[in-house]
Amino acid sequence: MMRSNLITGVLLLVFSVIFWLGADAIPKSRLSGSVGADGLPKMLAIALGVLSIGYLAQTLLTARMAGPVVGPRRETKTVDYTRHLRAIGMIVLGAVYVAIVPYLGYIPSIALLLLSVALYNGKRPSRGLLLFAVLGAIGFYLLFVRLLEVPLPAGIWPSLIG
């Protein structure tokens with residue numbers, strides 16, 4: 001277990017360095033302010049690096065506090081494939097969302113995504129769940145399209161109206 005944690009920590013640390021280098025390669029614009037397009041990715045790379053170092057330190061300290069292992073220890077590992085299948089199901093839901101959003105538009109697609117993820121994770125169908133999906137979609141629309149001015153797909157609706 002400790003070995004896999006150390007490998008994971010080192011891989012995350014390497015990834016944070018690669019991510020930093022990728023962010024540093026983003027072209028600088030004369031129009032950018034004091035924080036350019038590379039600002040947020042670099043902050044994320046730093047955060048990942050710090051968390052990776054913390055994870056490595058925690059793993060090493062835990063192993064040190066546990067003391068030496070007397071004799072070889074056999075670990076029997078049983079793999080729970082249901083967790084993997086559930087994760088694949090979530091990926092499929094995300095892929096379906098990506099496939100339908102250009103056609104249905106952002107609001108109906110995100111409402112369907114919220115509804116399907118909740119149902120997939122065990123929520124029972126109800127009016128409250130439907131209300132959650134609709135209000136969530138409207139909230140995300142207001143946040144991304146209106147407040148942050150992120151252009152999101154309108155779908156086929158504008159061509160049907162006009």
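Of the 162 residues of this protein, 18% count as buried. Buried means under 20% relative accessible area, exposed means over 50%, and partly exposed lies in between (1.4 Å probe, protein chains only). This is a predicted model: local features need pLDDT of at least 70, side-chain atom pairs count only at pLDDT 80 or more, and totals for chains, interfaces and linings use all residues. Residues are numbered from 1 along each chain as its sequence is written, and side-chain values use heavy atoms, with hydrogens and water left out.

Start with the fold. The protein has six helices and zero strands. Along the sequence, the pattern reads α-α-α-α-α-α. Helices (H or I, at least four residues) and strands (E, at least two) are DSSP runs, numbered from the N terminus.

Now take helix α1, residues 2–24. Phe 15 and Phe 19 sit four residues apart in this helix, so about one helical turn separates them. Their rings form a tilted aromatic pair, with 5.9 Å centre to centre and 40 degrees between the planes. For rings of Phe, Tyr and Trp (its six-membered ring), a pair needs centres within 6.5 Å; planes under 30 degrees apart count as stacked, over 60 as edge-to-face and the rest as tilted. Phe 15 is partly exposed, at 44% relative accessibility. Phe 19 is also partly exposed, with a relative accessible area of 32%. Ser 16 is found in helix α1 too. Ser 16 is buried, because its relative accessible area is 4%.

Where does Asp 24 find its salt-bridge partner? Asp 24 pairs with Lys 42, and the closest N and O atoms are 2.8 Å apart. The two residues link distant parts of the chain: Asp 24 lies in helix α1 and Lys 42 in helix α2 (residues 39–66), 18 residues apart. A salt bridge here is a side-chain nitrogen of Lys or Arg within 4 Å of a carboxyl oxygen of Asp or Glu. A search of the whole structure finds one. Asp 24 is partly exposed at 39% relative accessibility, whereas Lys 42 counts as buried at 15%.

Move on to the later helices. The axes of helix α4 (residues 106–120) and α5 come within 8 Å and cross at roughly 135 degrees. Axes are lines fitted to C-alpha atoms, for helices over the stretch in contact, and angles run from 0 to 180 degrees between N-to-C directions. The angle makes α4 oblique to α5. Under 35 degrees counts as roughly parallel, over 145 as roughly antiparallel, 65 to 115 as roughly perpendicular and the rest as oblique.

Helix α5 spans residues 127–147 and holds both Phe 140 and Phe 144, four residues apart, about one turn of the helix. Phe 140 is partly exposed, with a relative accessible area of 33%. Phe 144 is partly exposed as well, at 30%. The structure holds two aromatic pairs.

One more ring has a charged neighbour. Arg 86 lies over the face of Tyr 120, at 4.5 Å from the ring centre. Such a charge must have NZ of Lys or CZ of Arg within 6 Å of the ring centre and within 35 degrees of the ring normal.
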